[in-house]
Amino acid sequence: MNDATTQPSSGAPYLRIADLTKKFGDFTALKDISLEVFEGEFVCFLGPSGCGKTTLLRAIAGLDIQTYGKVEQGGKDVSVLPPAERDFGIVFQSYALFPNLSIRKNIAYGLENQKLAKVAIDNRVQELLDLVGLSDQGEKYPAQLSGGQQQRVALARAIAISPGLLLLDEPLSALDAKVRVMLRHEIKELQRKLGVTTVMVTHDQEEALTMADRIVVMNDGVIEQVGSPEEIYNTPATRFVADFIGTMNFVPAQSSRKGEITIGSTTLNCDLATGSGNLIAAIRPEDIQVGSGHQNSFTAIVESMEFLGAFVRAELSSVSLGDARLLADFSANVVRGEQLAKGIELPVSLPGESIRLYAQ
């Protein structure tokens, strides 16, 4: 699936990528990519290392020109333009600040290249320092700031010239966990306030789910799925997406009639079953329910339990399911109420609407 079929509006896209391929010698890093990004959107390129997401970002920026295909921005073909002639600001993982310049001078760099008046530059720099919460840090140097503060400076420098497109290349991956969580919220709020069209590369699914309007899931140089965070998580289009986003149980199954699948000796109702033979059934741990009397109920044995703070992850087995093992996430209230412990039997159910099916 290489086309962005999920679109947030019917208007013309601000960024349009058509049939883009990038080769490095005999290696094809991007294969026939087509994608549309709309004005004001926050889009995340998400995928494992080596999937092509950074190569795609660099092609958009003109830092690595594509082998084939077209890039349009604001209705203008920029496919072969050098970076300096494209309308974007970029923030890298490594901040890339000038260590010998003050914070104020770092932010002013692009403005000075535009030959603006000194008063206009000074006013714009102070406005940006205020915007990123560094009002009183302008005279310091990058080495005197924390990693999170340096990344704020890099953001301020990128948006100083009011670019039409903001490109973020793993901007938070060098920071510790608490700072990452704080900054991803700040970046999203800043993007909303400015209304700047933004494309961010990340390998962190939580970052993508919490920040993006739409996520582009990439694997091996192609786009696997494009959709909102909710669509990507709840209705993964391919087995790769289902496996990469969150935690998922995968179990061999058979479907011989519409609306039903068989796992082991158990027949389960499944909304997606079409009677197409051997399949892989998938269900998320949090969708497995405790209790009898529900659809698709059977008895399971708790093989192990892992405390994960807000919930407990249990490994379940069942004679009904044959050799299959399932991970199930239960809240602390359910664990207490059912007195869950290793070795006990309990009734569980797999809601038919929560079961996804993929080809073997």
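This is a predicted model: local features need pLDDT of at least 70, side-chain atom pairs count only at pLDDT 80 or more; totals for chains, interfaces and linings use all residues.
**Ile107 and its surroundings: a short talk**

If we set aside the neighbours within four places in sequence, Ile107 is in contact with Val125, Leu128, Leu129, Val153, Ala156, Arg157 and Ala160, where contact means heavy atoms within 4.5 Å. Residues are numbered from 1 along each chain as its sequence is written, and side-chain values use heavy atoms, with hydrogens and water left out.

Let me stay with Ile107 for a moment. Together with Leu168, Ile107 touches the most other members of the largest nonpolar core, which has 42 residues. A nonpolar core here is a set of buried Ala, Val, Leu, Ile, Met, Phe, Trp, Tyr and Cys residues joined through side-chain atoms within 4.5 Å, and buried means under 20% relative accessible area, with a 1.4 Å probe and protein chains only. The most is given to this core by helix 4, residues 147-159, with six residues; helices are DSSP runs of H or I with at least four residues, strands are runs of E with at least two, and both are numbered from the N terminus. A second, separate core has 30 residues, among them Ala253, Ile261, Cys270 and Leu357.

How do helix 2 and helix 4 meet? The axes of helix 2, residues 103-113, and helix 4 come within 7 Å and cross at roughly 30 degrees, the axes being lines fitted to C-alpha atoms over the stretch in contact, with angles from 0 to 180 degrees between N-to-C directions. Helix 2 is therefore roughly parallel to helix 4, a term for angles under 35 degrees. Ile103, Asn106 and Ile107 of helix 2 make the contact with Val153, Ala156 and Arg157 of helix 4.

Four strands form an open sheet in the order 12-11-13-19, with antiparallel pairing, where two strands pair if DSSP finds at least two bridges between them. Strand 12 (266-274) and strand 19 (356-359) are the edge strands, each pairing on one side only. Strand 13, residues 277-283, is joined to strand 19 over four bridges in the antiparallel sense, and Ile280 has Tyr358 as its bridge partner in strand 19.

Finally, the whole protein chain has nine helices and 19 strands, and 48% of its 360 residues count as buried.

Terms used: Buried means under 20% relative accessible area, exposed over 50%, partly exposed in between (1.4 Å probe, protein chains only). Angles under 35 degrees count as roughly parallel, over 145 as roughly antiparallel, 65 to 115 as roughly perpendicular and the rest as oblique.
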